Amino acid sequence: MNETADDQKKITLWYTGIIAVVLGTILVLVLLFVDRVGISATEEEISAAVTGFSSNINFQDDSFYLDVDTKFYDNGIMFCIYDKNGRLLYGTIPAQFPEETILMSNTPRTISESNRKWMIYDSVYTYGDDDEIWVRGITSVHSIERFMQTSKKMLLIVFPVLIILIGVIGYFMIKRALRQVDLICDEVENISNGRDLSKTIVSAKKQKDELYELSEKFNEMFERLELFV
């Protein structure tokens with residue numbers, strides 16, 4: 001019985017380990033996918049917002065002017081207008097945002113500073129005699145970061161509990177399955193030692209599964225052997 005108990009523990013450990021690796025891999029991939037989807041959605045949103053904001057700019061000869069109802073903040077995105085030298089003309093930069101961030105046309109970027117993270121998107125427009133202005137959209141991605149951090153903390157708590165629960169359930173399922181195997185082995189040994197091959201194995205006849213088929217094979221074997229005794 002001690003050997004059987006050891007086998008149960010070994011099988012349970014292997015079973016639980018495989019489940020833990022597979023489940024852990026799936027959860028990590030899901031988190032990476034959710035993070036990537038969130039960032040991609042923010043990139044699309046901010047690029048579309050900058051394009052929409054730029055429609056408020058009207059160019060005339062060597063100058064430009066803004067519509068009177070121009071808003072520099074919309075749906076979590078702040079807008080700024082710079083000249084070609086990178087000097088801020090209109091708009092407000094968020095607190096802690098690095099002002100020296102270079103302008104880069106049509107490229108969504110993630111900027112980090114002081115444990116804060118922003119997504120920015122720049123677009124350049126030329127007018128007059130080779131003059132230009134830049135429009136920058138800035139939005140915080142703190143909500144995405146906070147969601148990912150909260151999800152990771154929850155997984156650190158839930159994952160071990162889930163694995164332990166799977167291990168316990170698996171242990172009792174394996175124990176139940178091996179108990180039937182032990183009963184069949186005991187009956188086979190008793191029949192063999194008693195030399196009474198007319199007896200049959202009955203411990204696995206409650207339901208027709210693999211163990212039932214195994215016991216039937218043993219019974220057929222004993223019947224054939226009885227003919228030669």
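**Exercise 1.** Does phenylalanine 97 count as buried or exposed, and at what relative accessibility?

*Solution.* The model is predicted: local features need pLDDT of at least 70, side-chain atom pairs count only at pLDDT 80 or more, and totals for chains, interfaces and linings use all residues. Residues are numbered from 1 along each chain as its sequence is written, and side-chain values use heavy atoms, leaving out hydrogens and water. Buried means under 20% relative accessible area, exposed over 50%, and partly exposed in between (1.4 Å probe, protein chains only). Phenylalanine 97 has 5% relative accessibility and therefore counts as buried.

**Exercise 2.** Determine how the rings of phenylalanine 97 and tryptophan 118 are arranged.

*Solution.* Rings of Phe, Tyr and Trp (its six-membered ring) pair if their centres lie within 6.5 Å; planes under 30 degrees apart count as stacked, over 60 as edge-to-face and the rest as tilted. The structure holds nine aromatic pairs. In this one, the centres are 5.4 Å apart and the planes stand at 80°, so the pair is edge-to-face. Phenylalanine 97 lies in the loop between β5 (88-91) and β6 (109-113), and tryptophan 118 in strand β7 (residues 116-127), 21 residues apart. Helices (H or I, at least four residues) and strands (E, at least two) are DSSP runs, numbered from the N terminus. Tryptophan 118, at 3% relative accessibility, also counts as buried.

**Exercise 3.** State how many helices and strands the chain has, and give their order.

*Solution.* The chain has three helices and eight strands. From the N terminus on, the order is α-β-β-β-β-β-β-β-β-α-α.
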